[in-house]
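Reader: I would like to learn how to read a fold from its contacts, its strand pairing and its helix packing. Could you take me through one case, step by step?

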Amino acid sequence: AVVSTQSTGETRLESRNVNKLLIKRFANIEKIRGCEIVGILVGTLGIKHFREVIERVKGVCRAAQKKYYVVSIGKPNPAKLGNFLEIGVFVMVGCAENSLLDCSEFYQPIVTPYELEIACIDRPWEVDYISDCSVLI
């Protein structure tokens, strides 16, 4: 696929793997829009401004009229998250390295706070993907 930046007019050709990842991320954004209940996963307490990020995610959920639960379960795995069947999507609040988990084994998608904002408050999609959730506050 060809990716174009509106602000600079730059275009570039992306690889097949990048295209697959982007398609998955876009599909997750659509799942966020369609779900009623969001699970906020607290992956680590060591990230900068984690409380503020959690409060921001709660505010985005409230603005989109979605119910939310804050869940702290350590390292997420399908068995742990499978106990929360009423939750349509999980938002991972953690360090940047853990934010883009391969959630193919999970029953519900795990998304980033950035993707939640794109889905719920029409935040524009940036060319440089934001995986560090502390940048959002």
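Author: Let us begin with the contacts of the chain, keeping in mind that this is a predicted model. Among contacts between residues at least 6 apart in sequence, 63% join residues at least 24 apart. Buried residues make up 39% of the 137 residues in the chain.

Reader: Which pattern does the chain follow when read along the sequence?

Author: The chain has four helices and six strands, and read along the sequence they follow the pattern β-β-α-β-α-β-α-β-β-α.

Reader: How should I read the pairing of strands, and what order do they have in the open sheet?

Author: In general, the strands of a sheet pair through backbone hydrogen bonds, either parallel or antiparallel. Here, an open sheet of four strands has the order β4-β3-β5-β6, and the pairing is parallel. Strands β4 (67-71) and β6 stand at the edges with a single partner strand each, so one side of each is left without a neighbour in the sheet.

Reader: How many bridges join β3 to β5, and which residues stand opposite each other there?

Author: Strand β3 (residues 37-42) is joined to β5 by five bridges, the two strands running parallel. Val 38 stands opposite Val 89 of β5, and Leu 41 has Met 92 of β5 as its bridge partner. Towards β6 (residues 110-111), β5 pairs over two bridges, again in the parallel sense, and there Phe 90 stands opposite Ile 110.

Reader: Is strand β5 buried or exposed, and which way do its residues point?

Author: A residue counts as buried when its relative accessible area is under 20%. By that criterion, five of the five residues of β5 (residues 89-93) are buried, so this strand is largely enclosed by the rest of the structure. Val 89, Val 91 and Val 93 point one way from β5, while Phe 90 and Met 92 point the other way, and all are buried.

Reader: What packs on the sheet, and at what angle to β5?

Author: Helix α2 packs on the sheet and touches β3, β4 and β5, its direction making about 155 degrees with that of β5. Helix α4 lies across β5 and β6, running at about 130 degrees to β5.

Reader: How do the axes of α2 and α4 cross, and which residues make the contact?

Author: For the general idea, an α-helix has 3.6 residues a turn, so residues three or four places apart point the same way. In this case, the axes of helix α2 (residues 50-63) and α4 come within 10 Å and cross at roughly 25 degrees. The two helices are therefore roughly parallel to each other, and α2 passes α4 in a left-handed crossing. The contact is made by Val 53, Arg 56, Val 57, Val 60 and Cys 61 of α2, together with Pro 113, Leu 116, Glu 117, Cys 120 and Ile 121 of α4. By class, this contact of α2 with α4 has eight nonpolar, no polar and two charged residues.

Reader: How many residues of α4 are buried, and what comes just after that helix?

Author: Helix α4 (residues 113-121) is mostly covered, with eight of its nine residues buried. Among these buried residues are Glu 115 and Glu 117, as well as Tyr 114 and Ile 118. Just after α4, Asp 122 takes a positive phi of about 55 degrees.

Terms used: Residues are numbered from 1 along each chain as its sequence is written. This is a predicted model: local features need pLDDT of at least 70, side-chain atom pairs count only at pLDDT 80 or more; totals for chains, interfaces and linings use all residues. Side-chain values use heavy atoms; hydrogens and water are left out. Buried means under 20% relative accessible area, exposed over 50%, partly exposed in between (1.4 Å probe, protein chains only). Two strands pair if DSSP finds at least two bridges between them. Axes are lines fitted to C-alpha atoms, for helices over the stretch in contact, and angles run from 0 to 180 degrees between N-to-C directions. Angles under 35 degrees count as roughly parallel, over 145 as roughly antiparallel, 65 to 115 as roughly perpendicular and the rest as oblique. A crossing is left-handed if the near helix is turned anticlockwise from the far one by less than a right angle, and right-handed if clockwise. Contact means heavy atoms within 4.5 Å. Ala, Val, Leu, Ile, Met, Phe, Trp, Tyr, Cys and Pro count as nonpolar, Asp, Glu, Lys and Arg as charged, and the others, Gly among them, as polar.
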